Amino acid sequence: MENTALYSDIHFSSPVVDAHCDTLTVLRKQNRRLGQKSGAGHVDLPRLLSGGVNLQFFAAFVGPDYRDDPLARALEIFDLFFEEMNACADLAEPVFAYPDIERAISRGKVAALLTVEGGEALAGRLEVLRMFYRLGVRGLTLTWNGRNELADGVSESGTGGGLTGFGAAVVREMNRLGMVVDVSHISPRGFWDVIRESAGPVIASHSNCRALCDHPRNLEDDQIRALADTGGVVGLCFYPDFVHREAPSLDSWLDHVEYVAGLAGVRCIGIGSDFDGIESVIPEMADATRLPLVTEGLLKRGFSPEEVRMILGGNFLRVLSQVLRDDKKASTI
Ligand SMILES: [Zn+2]
């Protein structure tokens, strides 16, 4: 009983960051609003708040269904994001600069960070990247599983393709603008090209360890070490296929945490749920309200409260404090 109170105390006094969800993609289809608690899907603001989540990355996923005009699809999702933010300003605030995160947290609201998943949204133009920044986008997952103008995704790995010249220019421009570079979904060659090209920390917003679960979307040991060397963070994901081949569970998810801690240290571990982007989740993680179970599991495994705070969100906050500009004046770019 005492322990339960302690777990809860540590969870709700820690910064909790989820580096990836696809909620913006499913919101309209499921006929729900970000500000209203729903039984459908995994994430809405009331559920984030009851799960103790302080900062949520919201991805504008530009999937293969929108191949004809990915830029238009991205703009449509950005509009949805800000419409939803306006409709529930009492529950969340959008993040443009690092102080916005601190302010939202101090007000008991969810800090909401807009990202794009799938570089095809840039339509092959750096001008579009800069306009995305001006519209509030602060992170880009360079590819999804296929090939785009920036690089090859994991499903194209067989061809050995990495970053294109344009992709390399995008990474450099993201470094300059203050945007988070995300390598989840990219091909192995692309991964190493990004590690070489990026001047700042590189994250994998939603990927696990290949050594524990052999899936092409998971990262090899040397990839995890290299990413940690950039000061980056791996957001460990709740998708069963990435957690364990036979028995995916919170326990086997915690194995990934312990494995990365042993391999590259606690400083590179975070959470990237992939909520609302996956048709199933590990059983204990039915939705965002279950995040306190992560804290309980980590403490039971012997991580110190300080390490738990880093894993829950401190590490991602460190990356954001390094990457994001300290001002919110887009006109300065
Ligand atoms: Zn994804």
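**Exercise 1. Find which residues touch the most other members of the largest nonpolar core in this predicted model.**

*Solution.* Start with the core itself, which has 100 residues. Those that touch the most other members are F58, A60, V110, V116, V194, V234 and I269. Next, look for the element that gives the largest share: helix α13 (residues 305-323) supplies nine residues of this core. Now pick one member and trace its neighbours. Leaving aside residues up to four places away in sequence, V110 touches L45, L48, L49, V53, N54, Q56, L91, A92 and A104.

**Exercise 2. Work out which residues of α7 are buried and where they lie around the axis.**

*Solution.* First, locate the helix: α7 covers residues 165-177, 13 residues in total. From first C-alpha to last, α7 reaches 18 Å, close to the 18 Å expected at 1.5 Å a residue. Second, list the buried residues, namely G167, V170, V171 and M174. These cover an arc of only 100° around the axis, so they sit on the same side of α7. Finally, step past the end of the helix, where G178 follows with a positive phi near 95°.

**Exercise 3. Compare the radius of gyration of the protein chain with that of a compact globule.**

*Solution.* With 333 residues, a compact globule would have a value near 20 Å. The protein chain has 18 Å, which agrees. Along the principal axes, the C-alpha trace spans about 55 × 45 × 35 Å.

Technical notes: Residues numbered from 1 in each chain as written. Predicted model: local features only at pLDDT ≥ 70, side-chain atom pairs only at ≥ 80, totals over all residues. Helix = DSSP H or I, 4+ residues; strand = E, 2+ residues; numbered from the N terminus. Expected span 1.5 Å × (residues − 1). Buried ≥ 20, exposed ≤ 12 C-beta atoms within 10 Å, placed from the backbone. Arc of directions from axis to C-beta. Core = buried A, V, L, I, M, F, W, Y, C linked by C-beta atoms within 7 Å. Contact = placed C-beta atoms within 7 Å. Rg over C-alpha atoms; globule rule 2.2 N^0.38 Å.
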